[in-house]
Amino acid sequence: MIRKTLYSLMLSPLLLGLNAQAMSSQTVEPELEVVTEANRMEWFRDAKLGIFIHWGLYSQLAGQWQDKKTMHAAEWIQKVLGIPTSEYSILVETWDYSNYNPRDWVKLMKAAGAKYICITTKHHDGFCLWPTKANDDWNIMLTKGQKDLLKPLAEACKAEGVRFSIYHSILDWRHPDWPGRPNFNDFAKGKADKERYKKEYLYPQLKELFSNYGDIGMLWLDGTWDGVWTSEDGKELEEYIRTLQPSVVLNNRSGYKPPQPKYDFKIHNAYSYIFAGDYISPEGEIPPTGLPGIDWETCQTMQLPNNWGYNQFVKFRTPENLLQTLIDTTSKGGNLLLNIGPKADGTLPQEMTDRLQFYADWMVVNSEAIHGTTASPYEMLPFEGRCTRKGNTLYFHVFDWPSNGLLNLPVENAKIKVNLLDHEAKKLKPRKTARGYEVNLPKAMPFKGATVIKVQFTGDLTMSPLPKEISQNCSVKVSSEWAGRPELKKEHITDNNASSMWATKEAARDGWVEIDLKQPRLVSMAKLSDAPYHRTQSFELQAKVNGQWQTLKKGSAIGDQLNLTFAPVKTQHVRLMILQAKDTPTLANFQLFE
Ligand code: H79
């Protein structure tokens, strides 16, 4: 990888006789390495970021059909609003994608750090974005533009050195032979025939997709939950796909359900965790502790609640939140497939461009802390952030800039080199402390969302011992409790059980919790959770020193897990003031660490 970059830097544009225009797009693109069936997971594991593109007839509606609106799943609008197929069909006449410029999309996505791009060839509504011969009455040739939308994207990906990948829905709301025919399908006649669906439709379509668009990086199958698709159907499908391009990386949604290994992690959306294909695809979710030894990729939307197709009514996650999502995923050993829902005309909504640009600005300096890295060796860190690793280098991604300007690096190796990843890769001077090293950080955080501290060490990594928890089962005092609701009593705060919680008296909008450590102890970190309701809007953490309450940290939201670090303080009493909550305050956990 490194050798290749140096090589491409050394190629003189004059020697190559390239014109200025070709040069302006970042010199010569290294060609993608050829993948074989045996090494197909290598590029995927290094990639860390892919972009999902949900684009189709539904993009014209962007969440609204006539006078009905939906905030959910804009790409499901036909089903969510029960639009008869005969009416939905008019969308082929109105789809004008004349501003589609896939080379621009790919350039931006590549700059954002994406190594693969995965587009919906056909979503559940059955509409095909390419001129398929296996379904001539429901594909892109019926639109005025008559343009194969996949071809120029595949070519742009190839030119830019990004792996072209495809999403394909197995279920089909329109095709007469799909046996899970929905009641809004007033077009299909006769009895559905699954074998015919496979042999004359699904398989030939996949054959076209794998024959006419070059190498396909990954195939993202979806939609086998209608109860008509068996594990046998899925197995046969996987085998067929392997004959088309043995090197393709396959997600786990073919419908094949081989004997399942036992897993000891929590499962929300069981479908995403079925073992099949090459990797597990948790939808909209990051497995809390990663899936050690298992390849996985979480797909996430920019708009919440989840909308994969563009929805004009739904809010966007902040750029910082999306960046932290990528880092969190990477630190747990997975990939992020970040979704884009283009507008029908082929342009990207401004909010999406802004978020990709935010990634791109960050990647200029920080991409080495993402691409080609492996999961964090740490179970927890002494600050709010994440860690990724590449051999003898650790990347500490700091989310919450320490207010005292000191960062604790939990490394014990005798020799380390520390750099702040900003535009100068500034050297920082590590000082050995009782636990790891400490470095002084500049006042201002160079990158919003996450700033990376790069630590290089020699020899094997020796990690500092984990911060020691000192508050378990300590007694707590609280401002109030919800009368008659023992399941919400204060003891749940220090029971280290994230699924039990305390609540103040009903209808309060503030409250406090005070932990008594039984004797004065050194405290340097607190961990908070107000899951699952996330009602806290403003809080302050305080310690009692010489009879006076001192502020350790102030903040707004708490969330599933918030680590707060501060200069070590000797104290017996620590108090969390919830100054404002959007509903009755609750707290799942409040832990203190030495
Ligand atoms: O293509 C994207 C989604 O359309 C698809 N997979 C990703 C990659 C998907 N399949 N199933 N789901 C998502 C979950 C289904 C949720 C839904 Fe609903 C049930 C959509 C419509 C009914 C609940 C109610 C969520 C939205 C409305």
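I take buried to mean under 20% relative accessible area, exposed over 50%, and partly exposed in between, with a 1.4 Å probe and protein chains only. By that rule glutamate 320, at 23% relative accessibility, counts as partly exposed, and lysine 448, at 58%, as exposed.

I note that this is a predicted model, in which local features need pLDDT of at least 70 and side-chain atom pairs count only at pLDDT 80 or more, while totals for chains, interfaces and linings use all residues. Residues are numbered from 1 along each chain as its sequence is written, and side-chain values use heavy atoms, with hydrogens and water left out.

I looked up salt bridges next (a side-chain nitrogen of Lys or Arg within 4 Å of a carboxyl oxygen of Asp or Glu), and the structure holds 28 of them. Lysine 448 pairs in this way with glutamate 320, their closest N and O atoms being 3.8 Å apart. Arginine 45 and aspartate 295 also meet in a salt bridge, at 2.8 Å from N to O. Since arginine 45 lies in helix α4 and aspartate 295 in the loop between β7 and β8, the pair ties together parts that are 250 residues apart in sequence.

Notes. Helix = DSSP H or I, 4+ residues; strand = E, 2+ residues; numbered from the N terminus.
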